[in-house]
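Q: I have a model open and would like to go through it with you. Could we start with confidence and then move on to the details?

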Amino acid sequence: MNLSAYPALERRAGRNPRKQAAPGERQPRDVPRALLPAGKRPAHPLPDPIDWTFELIERYHAAIAATAERFGLDTYPNQLEVISAEQMMDAYASVGMPVSYRHWSYGKEFLATERRYRRGHMGLAYEIVINANPCISYLMEENSTAMQALVIAHAAYGHNSFFKNNYLFGMWADSGSIIDYLVYARDFVGQCEERHGLEAVERLLDSCHALANFGVDRYRRPSRKSLARERAELEQREAYVQQQVNVLWRTLPTRRGKDSTAQESERFPKEPEENLLYFIEKNAPLLEPWQREIVRIVRKIAQYFYPQRQTQVMNEGWATFWHYTLLNTLYDEGWLTNGVMIEWLSSHANVIHQPPAGHRAYSGINPYTLGFSMYRDIRRICENPTEEDRRWFPDIAGTPWLPALDHAMRNYKDESFIGQFLSPQLMRDMRLFAIHDDASEQELLVRAIHDEDGYRLLRQLLSQQYDLGVREPNIQVWNVNLRGDRCLTLRHTRYQNRPLAEDALEVLKHVARLWGFGVQIESVNDDGELPVLLHSVPAPSA
Amino acid sequence: MALQIIDRRLAGKNKSVGNRERFVRRYKQQIAEAVRRAVARRDIRHIEQAENITIPRKDISEPVFHHGPGGIRDTVHPGNSDHVRGDRIARPQGGAGGAGSQASDGGEAEDDFTFTLTREEFMQLFFEDLALPRLLRTHLGDTPQYRTRRAGYSHDGTPHNLALLRTMRGALGRRIALTKASHRELLALQAQLKALPATEDGTSEAVAELRRRIDALSTRIGKVAFLDPLDLRFRNRARLPVPTSQAVMFCVMDVSGSMDQGRKDLAKRFFILLYLFLTRHYEKIDIVFIRHHTQAAEVGEDEFFHSTESGGTVVSSALALLDQIMRARYPVQDWNIYVAQASDGDNFGNDSGSCRSLLADRILPLVRYFAYVQVAQEAQNLWEEYSRLPPLFPHFAMRKVSEPGEIYPVFRDLFKKEGVSV
C-alpha cells in the first residue's frame, strides 16, 4: 500500500497524532519547493460561453487539476454535483450536509433562506463543499462557466486539500464515514419518530441542540466506525449503558462501617466534565436507550463540525488563496480568457471585501479577507522578505514558499495560526487596532494599534478572538447531588468577568429535560471567589 | 486526478419538505392566528392566496449558552483611521456598527421571523377542523361512485399493468414442466456418450446415433419459448361501488336595496368562505345559488358573486324557491341538504312571519343543517321571528356579524367539527 496516498494512516503509523508539529518540522510527503513546470501552452484559451456544459466543466476541471498537481496540492478524489438553487437551499438548511435527520429548526433555516433569496437580499453561496471522502462539492446550475471554474478551484482543490491535510480534521472529523453516519442518524431518528411520536423526538432534539456546542470532546479523539459497525454496536451499547446508569443510581442501602462523611463530601463526577452531552448520555438516570442514542447522534455530529468552527479563517483563507493562485496561474499560461478573469475577479473582490470599522456594512473581521491576506503574506515573506520579516519569521523568511504554506495549513488552527503568522506588515496593511471594552468603565480604550509597540499585543488579542475556548463560555458539569434530590450542578467559570447571556435559563430548562431532575448553574470568577448561584430549574414534571 | 460529475438537478428536490412540515406543525398556533388576521384584512377576491406569516423572533429562537453583554472584552478591528494607543472613545449606542461594538452572536436587534405560507398550507389551516354537520354517508347514490382496488391477477390487460414477477414465474414453471423429461433424457445420453470406451474414435455408428439423439433433444429444448403469451399475467383491478354522501348546499343571499356595500361585502365574504370550504373538502357537492330581493332567482356562481342587481326585500320568495327546488331536484332520502342564508334581516312588512312558518313547516324538517347569518347588528323583524326556531330545531343556527373580522370566527363556529373547540 502506498502510504503517502493515505496521510491519516501514515500519521498514525508514524508519529503521535496529538503532538503538535514543531515549527519547521515537515511532513514526510513531498511538497514541491516551487511550481513544477507547465506542459505545452494551449493554442487557444478554454471557451467561455455564459452557459456551462458538462464537457466544459470537465475541461476546466482538468486544467485546474493539472495545475493543482503542479503546486503539490494533496486532495481527496473529487465529486462535483450539479444542483439547482432550490437544492442549494435544501443543503443550506441542513447545515450543508447532503442528508440529515428532520427537525423543525432546519425548516426554519430553510424558510429564512428561501425568503431572503426570493427577495434578493442574498445571493446563495456559490458553493457548498462537504468534508467527505470523496470530497463533494456542489455546483449551482445558475452559475456561469467562469463561476463554475472558480468554485472548482475554491472548493474542490482549496477546501478539499485543507480537509484532507489539516491536523484537526484528521483527528476529529472522520471524512470517510460521515455520510454513512448521517444516513444512520436520519434513519434512527425517523424510526424513533414513528415509535415514540414526533413531539417526544422533537423535544429531545431541541434540548440536545441547545447543548450541541457543549457536546464536543476537546482532547479525546473519537473512534472511526463504519455504518455497519455503528448499527451493530448500538444494541450492545444501549444495554450496557442502561446497566451502568442503574448501578449509579441504585437505591439499595450501602453497607455500614464505611466512612459516611467521606462519601458525603465526594463529588460526582470526580473531575468536572466539560462535555455536557457526553455526561448526560452516560449518566442521566431517566433517559430511555433510544433517547441516549439521539443524544449521542447530536454529539457526534457536533464533534464532526468542531474542526470547521476552529479553522474558519484558515480554511476559507486557504481556499480563497488557492482559487486566486490557481486561476491566475492558468491565465498566465494561456488557459483562461479575459472575460473569465474579469468575472471571477469581481466576485473574488466581493468575497474578500473588508469594510473598515465604523462603516455601515462593518460586522467584524471578514475571515476570507484575513485568511487570504495571511497566506498571501506568508508567500510574500518567503519570496521577498524585508528586514522586519527576517526578524519576526527567521524560520520561513527566504525559504521556498510552497512547503512553508503547506506547513502553515497542516499544523494549526485559527488561534495558533494567527498567533504564529500574523505579520506586522499585514497588521499595518489592514490597519488593525484593539479596543478594550470594560463594562465597568465609561469609555472604551484603544489598547494597541498597528505600530511597533502594538504588534505583539494585537497579534495576541486577535489570536484570542478566534479561540473557541474564549468565545464560548466555560461551562462544566460540577456536581450531582447523589444522596439527595439528584440535582445537577453546572459551573460557569467567568472569563474576564463576562456574564452569561440571559437565555441561559432557557438552556438550563433543556438541560433539566435531559437530566430528568433539577439543574442549577453557578458562576465563579477567575480569582476563586465563592460561586454565585445564577439560575436553578426544578425537576421537569413528567 | 479522480473526478466524478453527478447531475443532481432532477433528483430530490424539496428535501426540506419534512423539515418545513415540522416547522409549521410546531408553530401552528401562531400561524393559525396569523391566518385569521390575514383573512379579515383581505379583499374578497384574494382570500384564497399564499400569505406571509410573521412570528415573533423570540418565540422561535433556539437558546444556547453564550456570553452576554458585560465584563471585559478585547476586540481587534480593521481599518483604523485616526486612533492611537491610549485613546478613549465614547461607547457607541446600540452597537450600530460602531468601532467598539463587537459583532456579537445574538445581541443585535432582530426582526420578527417572516415566511410565506403556500396557498395549500394556507387553505388547509384555514379550514382545519371544519366539517358539514350531521353528514350521513350511508347512501348509494343514483350515479354510484366506484373505487378501484387490487383484485388478484388476470390473463389479459394493458401492458402497463403487466405483473412482471408473476409472468416470469409462470414462464419459468412452464419451461421446467415442458423440458424436464427432455433434460433428464439428455443428461442420460450425455452420460452414455462419455461412458463409451476410450478406444472409440467418434466415428462409429453408436456415437453417431447418440449425437443425433442429443442434437434432436437440444433442438426440442431450445424450441420451448422463453416467454409465451400464456405466461402473461396482469394486475387486476376491480371496481367497487362505494357508499357516497350526496350533499347539496343552498346559498341564499339577500341583495335588496337595504343591503349597502358593506353588508353585501360581509355576505359575500361568508359565501366565499363557504364555497371554498365546500369545494376543497368535498369532492362532489352540489351548490345552488339563490339571490333575492323582492323576487328570488337561481343563479350561477359568477352572477351570484358579481351581479349588482337590486330591489326591495321579500325573504319568503327565496325560501319558497328553495323549497321548490329542494322538492323537485333533491329528494330528501338521497341527499344531505344544507342551507346557508345571509341577510341584513330587513324584510317587507309581515313577510317575516311567513318566512318562519315556511321554514318550520316545510324546510327545516328536511334539511340537515340551516345556518342563518345576519350581516347587521341591530335586531330586525326577521331575526326576531327566526329566534323562535332554535329551541325547536337544534340544527338551526343563527349568528350576527357586523365586521369583516367577525366573519371567519362565525364561520368556524357554524361549521366546526363536532367535539372541536373553536
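Predicted model: local features only at pLDDT ≥ 70, side-chain atom pairs only at ≥ 80, totals over all residues.

Q: What is the mean pLDDT of chain B?

A: The mean for chain B is 79, and 86% of its residues reach 70 or more.

Q: Which elements of chain B have the lowest and the highest mean pLDDT?

A: Among the elements of chain B, the lowest mean, 75, belongs to helix H3(B), residues 119–126. The highest, 90, belongs to helix H4(B), residues 164–195.

Q: And where does pLDDT stay under 50 in chain B?

A: That applies over residues 94–110 of chain B. For this stretch the model has 31 contacts beyond four places in sequence.

Q: Changing topic: how many residues of chain A and chain B are in contact?

A: On the chain A side there are 85 residues, in contact with 57 residues of chain B. Helix H4(A), residues 104–119, gives the most to the chain A side, with nine residues. By class, that side has 41 nonpolar, 22 polar and 22 charged residues.

Q: Which strands of the two chains pair, and in what sense?

A: Strand E5(A), residues 443–449, pairs with strand E4(B), residues 88–90, in the antiparallel sense over three bridges. Within this pairing, Leu444(A) has Ile89(B) as its bridge partner.

Q: Now the helices. At what angle do H11(A) and H12(A) pack?

A: Helix H11(A), residues 276–283, and helix H12(A), residues 289–310, pack at about 160 degrees, with their axes 9 Å apart.

Q: Why is that pair called roughly antiparallel?

A: Angles over 145 degrees count as roughly antiparallel, and H11(A) and H12(A) therefore fall in that class. The crossing of H11(A) past H12(A) is left-handed.

Q: Which residues make the contact?

A: H11(A) contributes Leu277(A), Tyr278(A), Ile280(A) and Glu281(A). From H12(A) come Arg292(A), Val295(A), Arg296(A), Val298(A) and Arg299(A). The residues of this contact comprise five nonpolar, no polar and four charged.

Q: On to the backbone: where is the cis peptide bond between Asn133(A) and Pro134(A), and what is omega?

A: Omega of the cis bond joining Asn133(A) and Pro134(A) is about 0 degrees. Pro134(A) lies in the loop between strands E2(A) (127–130) and E3(A) (135–140).

Q: What about phi of Arg431(A)?

A: Phi of Arg431(A) is near 50 degrees, a positive value in a residue other than glycine. Arg431(A) sits in the loop between helix H19(A) (424–430) and strand E4(A) (433–438).

Q: Last topic: what is the strand order in the open sheet of four strands?

A: The order is E6-E7-E8-E9 in chain A, with mixed pairing. Strands E6(A) (474–480) and E9(A) (532–537) stand at the edges, each with a single partner strand, so one side of each has no neighbour in the sheet. From one strand to the next, the twist averages 25 degrees.

Q: How many bridges join E6(A) to E7(A)?

A: Six bridges join E6(A) to E7(A), residues 488–493, and the two run antiparallel. In E7(A), Thr493(A) is the bridge partner of Asn474(A).

Q: Which helix packs on the sheet?

A: Helix H22(A), residues 504–515, packs on the sheet and touches E7(A), E8(A) (519–524) and E9(A). The direction of H22(A) makes about 55 degrees with that of E9(A).

Methods
Residues numbered from 1 in each chain as written. Chains lettered and ligands numbered in written order. pLDDT = per-residue confidence, 0-100. Contact = placed C-beta atoms within 7 Å. Nonpolar A, V, L, I, M, F, W, Y, C, P; charged D, E, K, R; others polar. Pairing = 2+ DSSP bridges. Axes fitted to C-alpha atoms, helices over the stretch in contact; angles between N-to-C directions. Parallel < 35°, antiparallel > 145°, perpendicular 65-115°, else oblique. Left-handed = near helix turned anticlockwise from the far one by under 90°.
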